Amino acid sequence: MTADTALAVDAVPSPDLELAKQTSALTVQEAIPEAGDETKSSRTPPHRSHDPQYNMKRSDPFMFGSRYLDEGDNVFEFNAWDHVETDDAYKEYSEQQFAMQRASPVSDFEKNKFNSDPARFWNLFYKNNTANFFKNRKWLQQEFPVLHTVTAEEAGPRVVLEVGAGAGNTAFPILAHNKNPKLRLHACDFSKKAVEVMRSHAEYNTEFMQADVWDVASEVLPPGVEENTVDVVLMVFIFSALSPLQWEQAVKNIHRVLKPGGEVCFRDYGRGDLAQVRFKKGRYLEENFYIRGDGTRVYFFEKDELARIWSGVFDEETSTNGAKDGISEPTPNTPQQPSAVIAKSPLFDIEELGVDRRMLVNRAKKLKMYRCWMQGRFRKK
Ligand SMILES: C[S@@+](CC[C@H](N)C(=O)[O-])C[C@H]1O[C@@H](n2cnc3c(N)ncnc32)[C@H](O)[C@@H]1O
């Protein structure tokens with residue numbers, strides 16, 4: 001498992017020693033005030049309460065978003081807070097890290113190795129990480145209510161496509177709570193090994209679910225999925241695995257399979273996330289795009305950038321024009337049709353796009369660490 005365990009990204013990780021060393025610049029020295037006496041205050045909000053009858057489970061993503069840090073709060077009293085902007089020390093530290101990373105990029109030879117067959121490294125990943133495959137994603141239905149709608153008993157025929165489904169961490173929890181006898185769940189991944197893992201899962205049930213190999217940036221649609229037939233596409237920490245040169249084709253494919261009005265449920269890494277900041281020398285592929293120690297690629301998104309990508313209107317800088325595996329250079333448009341004069345209309349409405357920021361605290365070491373994820377819902381026009 002690499003330090004940045006891709007499949008553990010939705011859990012609140014416990015900071016490891018390596019991380020503690022790297023973030024020592026952020027150590028906060030001030031003394032910890034005594035925790036408030038809660039028996040005296042019946043008004044202590046549940047996210048700050050230590051009363052087992054009343055407190056909120058603080059590391060449970062299901063309650064994500066409600067752990068506000070107020071002025072006067074003791075940061076180190078709990079291990080996670082939501083909606084916390086990074087402090088100046090962390091911003092400065094991040095910028096220093098980014099400058100160091102840019103100064104020591106991946107060599108062209110290595111770039112070619114990682115970009116030419118990315119599925120190979122994901123196959124290795126799934127071969128090596130069997131123990132950590134399955135995680136319960138309780139937050140899914142809460143964050144994406146459409147998953148309740150399509151799995152309700154009376155929902156009628158509904159098709160859900162999960163892209164980059166990996167070992168099925170998202171697919172199997174959906175299946176487990178499904179009450180709709182007419183639900184069809186297609187779980188696709190370009191890693192053969194991931195698909196093998198899903199197919200051999202005890203809950204794999206072909207009556208409701210089909211796991212297949214599919215590259216979202218290819219020019220074909222997933223096996224058994226027709227154009228304009230899918231109600232919901234789920235993309236959870238998959239888009240970050242694509243090269244920027246693959247974004248356009250991926251968005252077009254998702255647009256093709258969705259019914260008009262169909263919805264994309266999206267969650268992925270945000271720029272400035274600790275996983276980005278802690279990359280060392282020799283990992284930088286291009287701006288915000290890195291290679292992990294296990295050879296898998298990861299991109300960190302800005303909010304505006306995602307809104308642009310999912311509008312589906314690509315300019316010539318990011319346009320793939322048929323690039324495969326992110327290794328081809330973008331081809332300029334023909335002189336007769338410069339992109340600026342092609343009237344393209346957006347493919348999706350951005351219904352919701354938010355930045356999920358959390359501050360994680362290593363209470364023993366007095367370290368503050370910032371995580372940053374992007375979450376959105378995009379609707380096919
Ligand atoms: C970080 S993992 C996330 C897996 C799963 N969605 C989850 O959240 O547990 C990224 C997944 O995307 C898959 N992937 C990467 N590039 C892909 C592509 N071009 N097409 C389909 N799947 C891809 C990888 O094989 C891997 O399973």
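Among contacts in the protein chain between residues at least 6 apart in sequence, 76% join residues at least 24 apart, a contact being two C-beta atoms, placed from the backbone, within 7 Å. The model behind this is predicted: local features need pLDDT of at least 70, side-chain atom pairs count only at pLDDT 80 or more, and totals for chains, interfaces and linings use all residues. Residue numbers start from 1 along each chain as its sequence is written. The protein chain holds eleven helices and eleven strands, taken as DSSP runs numbered from the N terminus (helices H or I, at least four residues; strands E, at least two). Of its 381 residues, 39% are buried, meaning that 20 or more other C-beta atoms lie within 10 Å of the residue's own.

Helix H9 (residues 247-257) is mostly covered, with nine of eleven residues buried. Trp247, Glu248, Gln249, Ala250, Val251, Asn253, Ile254, His255 and Val257 make up that set.

Elsewhere, an open antiparallel sheet runs in the order E7-E8-E9, where pairing takes at least two DSSP bridges between two strands. E7 (284-286) and E9 (297-299) sit at the edges with a single partner strand each, so one side of each has no neighbour in the sheet. Direction ignored, neighbouring strands here are turned by 30° against each other on average, going by axes fitted to C-alpha atoms. E8 (residues 289-291) pairs with E9 over three bridges, and Ile291 has Arg297 in E9 as its bridge partner.

Technical notes. Buried ≥ 20, exposed ≤ 12 C-beta atoms within 10 Å, placed from the backbone. Axes fitted to C-alpha atoms, helices over the stretch in contact; angles between N-to-C directions.
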